[in-house]
Amino acid sequence: MRTETAVWAGISIVILYLVWKVVQPLVSPIIIALALVYVTYPLHSKMSKKIGEKKSAMILTGFLTVLSFLFILGFVLWVSDVKQQLVNYLGMFFNWLQSVTVSSQTVNEALTEITKGIEARLETYIASYTYSIPKLSLEVFVLVFVYYGSLINAHAIAEGIYSLIPSENEEFIMRLIDATKSTLDTLLKSWLTLSVIKGSLTALGFWGFGIAPVSGAIALGILVVLLELLPFLGGWMVWLPGAIYVGRESLGLGIIFAIYGALFISPVPDMVLAPKITMRRRGLNALISLVGIFGGLWAFGLVGVILGPVSLGLLVTLLEEWRSMVEKDNSTRGVSSDAD
């Protein structure tokens, strides 16, 4: 019996290894596709009731295909300029951040060293982030294909996953699933989605008002997304200097751009939407989210923005479960000793 078990275990390991080697080059588009399915599934459910499940999936997939095509087109036209502009903007931002002083010399030196480290790592990552067009096209094709297949079979996939949960560990595994869903809800459906919208509106504003060319506007939009992921910072640190720059040439245009920035980038969206989507309210600590996002970004690339916070959220759930088990065991021992 043990020999048979060992043989099957070895076969399973070999199969899993082969599957991993096949899937590994396409992990990023698969994870992004599944994340998009998770975000758009509520919309898909509403549309399915009116026009049918297949039509709804085809419409959403068609919309994603158009966006993907525009992304590839923009990548071909502006990728080099965007990378260079983003590195320049990050350099200016971190130079300003290092000039900010606090009363404590020790704290000020520590902040300076941390800032230098983050700046160097981000600039190196951005400068080295390159794609070949054939590889990018293949990844986009996989993303669209996985998105449609997962969206149309989302219910069956969920049922299959839940059916694999062993009954003796069902409660614990459900807690892990709930923790993952909570993190994804907060990260994808609220915080990251809002950051991307703000970044898009920033890029549109800087280009529409003639403040920056297309590549520069896109780089500023990406910078806003990064700043929105950091505690206490936000898009106002980008649109405010832009408004001052425009205001020097045309006061009226500068005021209009400032109103645009305040209404659509920061702080109005933060005051209206932030109370509903704050990370702490959903149980994801700000420090955990910060470490998860940037640690995941450096470790796994773009998909690390998703994998990092989710993995740390699961770790927190595991630690809480372990603590509750220890407390329960201690209380049981205490009751037993009292009875003796």
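Residues are numbered from 1 along each chain as its sequence is written, and side-chain values use heavy atoms, with hydrogens and water left out. Because the model is predicted, local features need pLDDT of at least 70 and side-chain atom pairs count only at pLDDT 80 or more, while totals for chains, interfaces and linings use all residues.

Six aromatic pairs are present in the structure. Rings of Phe, Tyr and Trp (its six-membered ring) form a pair if their centres lie within 6.5 Å; planes under 30 degrees apart count as stacked, over 60 as edge-to-face and the rest as tilted. Phe206 and Phe257 have ring centres 5.2 Å apart and planes at 80 degrees, so this pair is edge-to-face. It links distant parts of the chain, with Phe206 in helix α7 (residues 170–208) and Phe257 in helix α10 (residues 251–264), 51 residues apart. Helices (H or I, at least four residues) are DSSP runs, numbered from the N terminus. Both Phe206 and Phe257 are buried, where buried means under 20% relative accessible area, exposed over 50% and partly exposed in between (1.4 Å probe, protein chains only).

Phe209 and Tyr260 form a tilted pair, 5.9 Å centre to centre with 55 degrees between the planes. Phe209 lies in the loop between α7 and α8 (214–228) and Tyr260 in helix α10, so the pair ties together parts that are 51 residues apart in sequence. Phe209 counts as partly exposed at 23% relative accessibility, whereas Tyr260 is buried, with a relative accessible area of 17%. Phe206, Phe209, Phe257, Tyr260 and Phe264 belong to one aromatic cluster.

A nonpolar patch on the surface has about 940 Å² of accessible area together, and its members include Phe63, Leu70, Trp78 and Ile133. Accessible areas come from the Shrake-Rupley method with a 1.4 Å probe, and for residues only the protein chains shown count as cover. Helix α3 (residues 53–99) supplies the largest share of the patch, nine residues. Leu70 lies in this helix and counts as partly exposed at 47% relative accessibility.

Ser150, in helix α5 (residues 133–152), is buried, with a relative accessible area of 11%. Leaving out residues up to four places away in sequence, Ser150 touches Leu34, Val37 and Ile157, contact meaning heavy atoms within 4.5 Å.

Key
Helix = DSSP H or I, 4+ residues; strand = E, 2+ residues; numbered from the N terminus. Patch = residues over 30% accessible without salt bridge, like charges linked within 9 Å, V, L, I, M, F, W, Y side chains within 5 Å. Salt bridge = Lys/Arg side-chain N within 4 Å of Asp/Glu carboxyl O.
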